Amino acid sequence: MSTRWVLPHLFKVQSARIHWSDEYTRLRYEGAVLQTGMDEAPLQFRWLLHPVLGLPRQPFILWRNRHPGGNLSTQELANIPGWQPLEVIGLPVDDSWYDTGYDLNDQGPIQNPLPPIQAALQRLQLGAPRIGWTRLNVNNFSLPDWEPSNLEAYLEDLLKTRLLRGIQAMLRDLPNGREHEKYVVIEKDESNPGRVNPRLLLPQCRVVAGLNQPARSEWHPLGLLLVGAGTDPLAALALGFGTARSNDGETDDLFMVSVRHQMQVEDQEYEFELADVVTVNQQLPVPESPTGLSARIIGHNRPQKLDGPALETVGVSWDRSENPNYSFLPPNNTGLSVTYAVGRFGPHFPQSEILLTRRAEPVRGWLPFVASKPDTARPVIFADHIVRSTFSDSQLTASPRGLHCAYVVAAQDIFGRWSHWTAFEFQGPDEPPQTPSILSVKSDPSGAFMVDFSWDWSDRSPEFIELIGTYEDTPDSRLFTTRLEFGGYEEPKPSGFEVIPLDSKRNPAAGWGGAQDRDPLEPEVRFYRLIVSIPIHFAGKRSRFFQVQARGQCHIHHIAIPDWNVSPFCQAVGTQIYDTTPPPLPTVPEEPQWASLSDIAGVNRVLLRWSGDVNVAGYVLYEATETTLLAALGLPGPDTTKPFTERLAVLRAANLTALRGAFRRVRKELIPRTEPETVYEMALPRGSTVMHFYAVTAMSHNQVESCWPDNSKKFIAVAAPRLAVPVAPSLEVSPLPESAQALVNLRIKLGYGVPMDKIELYRVANDKLATNVDTMGPPIATLNVTGTEISFTDDTLTPGWRRVWYRAVAWSACDDQRGVIEARSPASSAVSVLLPPNNPPEVIDLKVNEPGSSSSEVLVSWTSHAPVAVTPLGPHNIVLETRDAAGSTITRIEGHLDALTAVDNRNDLPHAIPGGSAIVRVGDADSYRIYAWLTRPAVDQPFSVTVKIIDPLRRIRSVSADVPPLS
């Protein structure tokens, strides 16, 4: 005997003892009971194989054996002796399968074999579930009872289905079982168009051109066979993947299902026998009721006609029960949910229905719902499609109210046992209101407004559309309100306002309704135009924003509940309107304006000024020259030798208001306003010597210009001045030595040409600063010009050793009438004078034996006001002498004050050099002290020291001091 293979991941058997009377009690069953004419067989067997094996051409065999004891594996048990064949189970085939290679011999019990089809019917009569789900009442309303199927009709219908034809074709076309899994049946149905006009609920109006294609399907016969056998108790029995037997043995008997199979791998053909061994589960737990039941809207199909009912898709979901791969089923707990029944109460009570596909008549009953097995764990979802409708006056009409119903779900295992029901009450959202849209608002100065608005007629007609107009800054004050009553009709009732239907391009339409649509048979967004006049009040503002909003109600919402589900007002759309009153003319200066002097490019510029106004958008500037205006008046050209005042008087007396054509606009853009005064810089033509006249007008925000100046004095007159630069004066400087104080006499001689008005005198005691008059500081005196020569005595000078420099500058006279601006002449040549001090400098604060002195060296110090720098007459000299008690000279040191060694502070003073002498200046040049190191003639011998300062005039000052020995 060949070895049987036990491969649970490829072939698996389940078994349980099912007493339907016990199930009747457990469920407290109320409902129909299946009558087959045969007693129920309590021992139920189900099995399934992996699609990778393909479909064996031999039927399955059920065996029985006594358990030998011990702890043998199923592989070992399958190959022990003593197995007795009980039944042959296979596909319900007949002679038409002769060319498929499938075994056509009898099936059924070994002692009483039957043809395969009769054997399949016998399996159904013995093993089909006797009862189904129990009756469920909610609020005294009952869910439809379970209906037992007519088993003879079920088997007859099964034999005619595509499934068995597909299996037959698969076995005929593919001898090798390894290829069965990928076998695909492709079918076309020429009489069943697969794509038509997408109208889901109502009779078809027409088929979309070019889309009338035949229906096409592709399916896998083996996959569909295994899904049916693994989920439907009836299909498992009829298709040879299950059976049932009476209890004629011991409770611990072993049962085995085996099948012989052939497969070809490359060029080698293999024949083997698959098997699985089980004991009958005497108390298999029933499937648990579904948990986590919920429902939500997952899809919405728009109405298929105007104001028709919509189709809602409700996703009913619940927790996915444990559903392991077939090879990993627990050995003692196989009561797993494989299919479900889904029911609904409502939405029109007392309506209730089972939401399953009914089996074909006269089979009766329902096909159970099979949940897909996803790659990842997630809830089961069942899609329920509900037409949102209601009964009104005994007619089915669209309902805008949210769906209100209750869903119930029960689970079934592979043996046909049902769990108790789980219920969930669902309340869906109401159909949202539809809001009209404001598309545009346009106005004209008369106060008439055109408001374009729309309503989408694709699904819902309006009951009414209400429009309101307000100012944005006062939204509570309505300027107009109109309510257009449609009542579901295409044209509104008269409202006292002019309303015009528009086509899809927002041009006036030929009529209402279909004439507004691109396709008269397909309502879409329809456009309308409301023409309304309102009084315009600016309330002191320069502009106001006029806005329009709209709201509405769908006709079927009004039918459901009057004044219910009125939409909110849509987003406001409007337009800015401006005051059309011309703004006032700005105020300009009457007096003539002088431009600036010419810049480096030779251009004169003027800042034109006039009053600002916050209520205007900007200003327009116009210009005309003196030449142009005189020509327009028929007068000769300007005489530039005459004063500007005389020339201006001529034009001020003329009627400039009538000469607007002589003025040109300066710039295209408006001059921006500023408050309280607007200033605009204007450049005159290079070298211009004529007057320029400017007119300023204001422009409002709605582009309304103010009136033209009505008086010649309301034009701004501008002329370019000229600069009169005099020649540089000459300067002579001489000191007055005879006077008791320091006096300097200055004589200024003026040249000819431009008249001069005043003289400025400058003085500085610095050679470098004197090179430019602008660096000499403010003038020391300003003198009026009284002739061609001016004298001035400077009595503010302090004598000193620094040279003092003088320069003079002349200023021309100003002539406003001729446009002559005063100017400064070039500076005179720099002239210097030196006034030495009356007395030589002094030696101050002579000190001896300063800290740091020693028994051999003495440090002396003094200070002086003598300048360190070399004076114009030469340097200051220092002489230092020491004498003994007899008056004999011991040491003599001399040097220029500016050449002495200098340090910043006393800490930096060099140390004494034994036997030597040194003079050092400590501090800066303006505040210093002089130190000197001297050698003592003897430790205990006193001596004297004398300090002399000699100025550049050889004047001497000296001071002497005795130097005692250090104690």
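Guide: Start with S337, in the loop between strand 15 (310–318) and strand 16 (339–345). Helices (H or I, at least four residues) and strands (E, at least two) are DSSP runs, numbered from the N terminus. This is a predicted model: local features need pLDDT of at least 70, side-chain atom pairs count only at pLDDT 80 or more, and totals for chains, interfaces and linings use all residues. Residues are numbered from 1 along each chain as its sequence is written, and side-chain values use heavy atoms, with hydrogens and water left out.

Visitor: Why is S337 called buried?

Guide: Buried means under 20% relative accessible area, exposed over 50%, partly exposed in between (1.4 Å probe, protein chains only). S337 has 7%, so S337 is buried.

Visitor: Which residues does S337 touch?

Guide: Leaving out residues up to four places away in sequence, they are P287, E288, S321, A411 and Q412. Contact means heavy atoms within 4.5 Å.

Visitor: What makes helix 3 oblique to helix 4?

Guide: Helix 3 (residues 116–127) and helix 4 (residues 151–159) pack at about 135°, with axes 10 Å apart. Axes are lines fitted to C-alpha atoms, for helices over the stretch in contact, and angles run from 0 to 180 degrees between N-to-C directions. Under 35 degrees counts as roughly parallel, over 145 as roughly antiparallel, 65 to 115 as roughly perpendicular, and the rest as oblique. The angle of about 135° therefore makes helix 3 oblique to helix 4.

Visitor: Which residues meet there, helix 3 against helix 4?

Guide: I117, A120, L121, L124 and Q125 in helix 3 meet L151, E152, Y154, L155 and L159 in helix 4. The contact divides into eight nonpolar, one polar and one charged. Ala, Val, Leu, Ile, Met, Phe, Trp, Tyr, Cys and Pro count as nonpolar, Asp, Glu, Lys and Arg as charged, and the others, Gly among them, as polar.

Visitor: How do you know that strand 3 pairs with strand 11?

Guide: Two strands pair if DSSP finds at least two bridges between them. Four bridges join strand 3 (residues 43–49) to strand 11, and the two run antiparallel. F45 has T243 in strand 11 as its bridge partner. Seven bridges join strand 2 to strand 3, also antiparallel.

Visitor: Why do strand 2 and strand 11 stand at the edges?

Guide: The open sheet has three strands in the order 2-3-11. Strand 2 (11–17) and strand 11 each have a single partner strand, so one side of each lacks a neighbour in the sheet. The twist averages 15° from one strand to the next.
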